[in-house]
Amino acid sequence: MSELVFFSGTMDCGKSTLALQIVHNRSARGLQSVIFTRDDRAGEGKLSSRLGLVTEAVEATPALDLYAFVVECISRGGKVDYVVVDEAQFLLPEQIDQLARIVDDLDLDVFAFGITTDFRTKLFPGSQRLIELADRVETLQVEAMCWCGARATHNARTVGGEMVVEGEQVVVGDVDVASEAVGYEVVCRRHHRRRMTSASARASALSPDVLPVTSE
């Protein structure tokens, strides 16, 4: 039976690397894919990993009907054995419905990769719909780490090294960017609540063993 599988995790935990590995392994067996992505760090129509791997992909703009695109590929004589979607959190909920239809009506596996929550700890609409519809939700086993050494569970948006918790839900950026730019850092829940990034922690004289003085 074909499945819609959602691979989720924080930034920097290897989601795109796993997507590329699935494509590599299946391509080696003669299987062909349609790869969708949205707002990849490498630019439009790219699926890239921080390890330096990159492949061509179809940019899943809000106007693109993913089901219709795959049907058209097949109608033109193309071979489609499975579908890969990276940055799935940026898709519209109706596009997630289209992925489910690819599984149900075309009997193709769909492997979607994405972040579950945004920098405010709120669900992305695309991720929420995937959780609602997916046959399986898999949490990646490669754990990103907070600056304190704990398991990172939250994606923090930074400007000038300081965490921000207001603004547009989607602002494209990456980890390890220039300090003055909009960037992202993965942190544990405790330090997301305290708004403490690695930069602010270095600048602070507060010991991590000191109890917080507020009730937040």
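Here is a short chat about a predicted model.

Me: Okay, helix H4 first. Which of its residues are buried?
Reply: In H4, which covers residues 125–133, Gly126, Ser127 and Leu130 are buried.

Me: And where do those sit around the axis of H4?
Reply: They are on the same side of H4, because they cover an arc of only 95 degrees around the axis.

Me: What do the buried residues of H4 pack against?
Reply: They pack against strand S1 (4–8), helix H3 (93–106) and strand S7 (109–114).

Me: Switching topic: what's the strand order in the open sheet of 3 strands?
Reply: The order is S10-S9-S11, and the pairing is antiparallel.

Me: Which strands stand at the edges?
Reply: Those are S10 (162–164) and S11 (182–187). Each has a single partner strand, so one side of each is left without a neighbour in the sheet.

Me: How many degrees are neighbouring strands turned against each other?
Reply: On average 50 degrees in this sheet, ignoring direction.

Me: Back to S9 and S11, how many bridges join them?
Reply: There are 6 bridges between S9 (residues 154–159) and S11, and the two run antiparallel.

Me: What stands opposite threonine 158?
Reply: That's glycine 183, in S11.

Me: Last one, histidine 191. Where is it?
Reply: Histidine 191 is in helix H5, residues 189–193.

Me: Buried or exposed?
Reply: Histidine 191 is buried, since its relative accessible area is 2%, and buried means under 20%.

Me: Which residues does histidine 191 touch?
Reply: Leaving out residues up to four places away in sequence, histidine 191 touches Cys146, Trp147, Cys148, Met163 and Met196.

Definitions and conventions. Residues are numbered from 1 along each chain as its sequence is written. This is a predicted model: local features need pLDDT of at least 70, side-chain atom pairs count only at pLDDT 80 or more; totals for chains, interfaces and linings use all residues. Side-chain values use heavy atoms; hydrogens and water are left out. Buried means under 20% relative accessible area, exposed over 50%, partly exposed in between (1.4 Å probe, protein chains only). Helices (H or I, at least four residues) and strands (E, at least two) are DSSP runs, numbered from the N terminus. The arc is that of the directions from the helix axis to the C-beta atoms. Contact means heavy atoms within 4.5 Å. Two strands pair if DSSP finds at least two bridges between them. Axes are lines fitted to C-alpha atoms, for helices over the stretch in contact, and angles run from 0 to 180 degrees between N-to-C directions.
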